[in-house]
Amino acid sequence: MALLTAPFYTLFKKAESNFAIQNFTFAKKLFMAQFKNFKMVSYVVYGRGSFNQLNEILEPQRKTGAPMIFLVDHFFQKKPMLNRIPLRNNDKIIFADVSYEPKTSYVDAISKQLKDEFGTVSGIIGIGGGSTMDLAKAVSLMMNNPGSSADYQGWDLVKNPGVYKAGIPTLSGTGAEVSRTCVLTGPTKKLGMNSDFTPFDQIVLDPELAANAPVNQRFYTGMDCYIHCIESLQGTYLNEFSKSYGEKALELCRYVFLEKENWDNECDDKLMMASYAGGMSIAYSQVGVAHAVSYGLSYLLGTRHGIDIPQGICKGLSDEQFDIMINVSLGMKPLWENAVGKDWEKIMTREKLRRLYEKL
Ligand SMILES: NC(=O)c1ccc[n+]([C@@H]2O[C@H](COP(=O)([O-])OP(=O)(O)OC[C@H]3O[C@@H](n4cnc5c(N)ncnc54)[C@H](O)[C@@H]3O)[C@@H](O)[C@H]2O)c1
Ligand SMILES: [Fe+2]
């Protein structure tokens, strides 16, 4: 066997050192990588009242002695919805403080607390807006990965699958329920843990849960979806997969925001599906300039999405502070490439981005 393979091995080595072959292999890899093998959410339930099915959905996922952890948006503290959470045995509710967008330190603290208290858990169930869902995804991953969540901010750095995780949106728009990322602000960057292990195992889309959101909150989270659609549909990464979802999501957003006189159940129903479809659209393409620029702003200044457009937020910032924002923003390479094409680095220079920030 060895005798037979040795000459082939030598030949292979020679060939490997040959530039032409190396380039061929590289080109082949690139070609193959052009088609994203998209990891989707495993189970989806949709409909008014589908939240009532949570107990039977979770039942097969329960492991003896290991609790289900319900990470619930702090908005629901003392709200009737809490009584509908199917708590069993040593299950626990943790209220997610989403006054600030999720930080890596917060994710690390929750996962440490759970490991100290229970060793392992059956699952993490995130109930809330995009912030709570992102927290749930991140905590699930950190239950099975060593170190800090900050070590995994980037693309495909997560090594092990997390514990079972489910997402239950109570606001519609971010698409966090379907995405392969969870956006976190860390010590050096604001960036998600993008990986095939990140999408939820289960999502429960029950528009009833979004019914009491204040009108402003609804609008600006809905606008996130609208911007996802625009950035996906106008981007260079666009393909029919993304377009099909993006166009549908945009149609639903326009109907809700432009054609409806009053906010009713139909609006919540449609916006929840718009969020889902918008998320699917960007999952197979990318977002663009608005998101890339906003990552810099929110990293340095904590600027959140909003409908009151703030003025003069970059006034009086030092060169160093501008550089921090520019570094964070230009670090989002796929977003820029999607927005302005392969030559984006020549088009969106540091100087141009600085001038853009100075205007805000
Ligand atoms: N993972 C992704 O793909 C992705 C995509 C876009 C945005 N995000 C992240 O999502 C976050 C923004 O999420 P969001 O816009 O959904 O808001 P949010 O989760 O930050 O919540 C905003 C506010 O609404 C409250 N809230 C939530 N549900 C409510 C309800 N039903 N009624 C009343 N109030 C309610 C919350 O307590 C909070 O005060 C950001 O952290 C952003 O980075 C993630
Ligand atoms: Fe967004």
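Visitor: How many residues surround ligand 1, and which are the closest?

Guide: In this predicted model, 25 residues surround ligand 1, and the closest of them are D73, G130, S131, D134 and S179.

Visitor: Which helices each supply at least two residues of that shell?

Guide: Those are α5, which spans 130-142, and α6, which spans 215-233.

Visitor: And how do the shell residues divide into nonpolar, polar and charged?

Guide: The shell around ligand 1 has 10 nonpolar residues, 10 polar ones and five charged ones.

Visitor: What lies 2.8 Å from a nitrogen atom of ligand 1?

Guide: That is an N or O atom in the side chain of D134, while a polar backbone atom of L209 is 3.3 Å from a nitrogen atom of the ligand.

Visitor: What share of the ligand's accessible area does the protein cover?

Guide: On its own ligand 1 has 870 Å² of accessible area, and the protein covers 91% of it.

Visitor: Switching to the metal, which residues coordinate the iron ion?

Guide: The iron ion, ligand 2, is coordinated by D224 through OD and by H228 and H291 through NE2, at 2.1 to 2.3 Å, and the spacing of these donor residues in sequence is D-x3-H-x62-H.

Visitor: Which parts does the pair H228 and H291 tie together?

Guide: H228 lies in helix α6 and H291 in helix α9, residues 289-301, so the two histidines tie together parts that are 63 residues apart in sequence.

Visitor: Is H228 buried or exposed?

Guide: H228 counts as buried because its relative accessibility is 4%, which is under the 20% cut-off, and H291, at 13%, counts as buried too.

Technical notes: Residues numbered from 1 in each chain as written. Chains lettered and ligands numbered in written order. Predicted model: local features only at pLDDT ≥ 70, side-chain atom pairs only at ≥ 80, totals over all residues. Heavy atoms only, no water. Near = heavy atom within 4 Å. Polar contact = N/O pair within 3.5 Å; in protein donor to acceptor, adjacent residues only side chain to side chain. Areas by Shrake-Rupley, 256 points an atom, 1.4 Å probe, with all protein chains shown as cover. Helix = DSSP H or I, 4+ residues; strand = E, 2+ residues; numbered from the N terminus. Nonpolar A, V, L, I, M, F, W, Y, C, P; charged D, E, K, R; others polar. Donors = N, O, S within 2.8 Å, 3.2 Å for Na, K, Ca; no water. Buried < 20%, exposed > 50% of the residue type's maximum accessible area, 1.4 Å probe, protein only.
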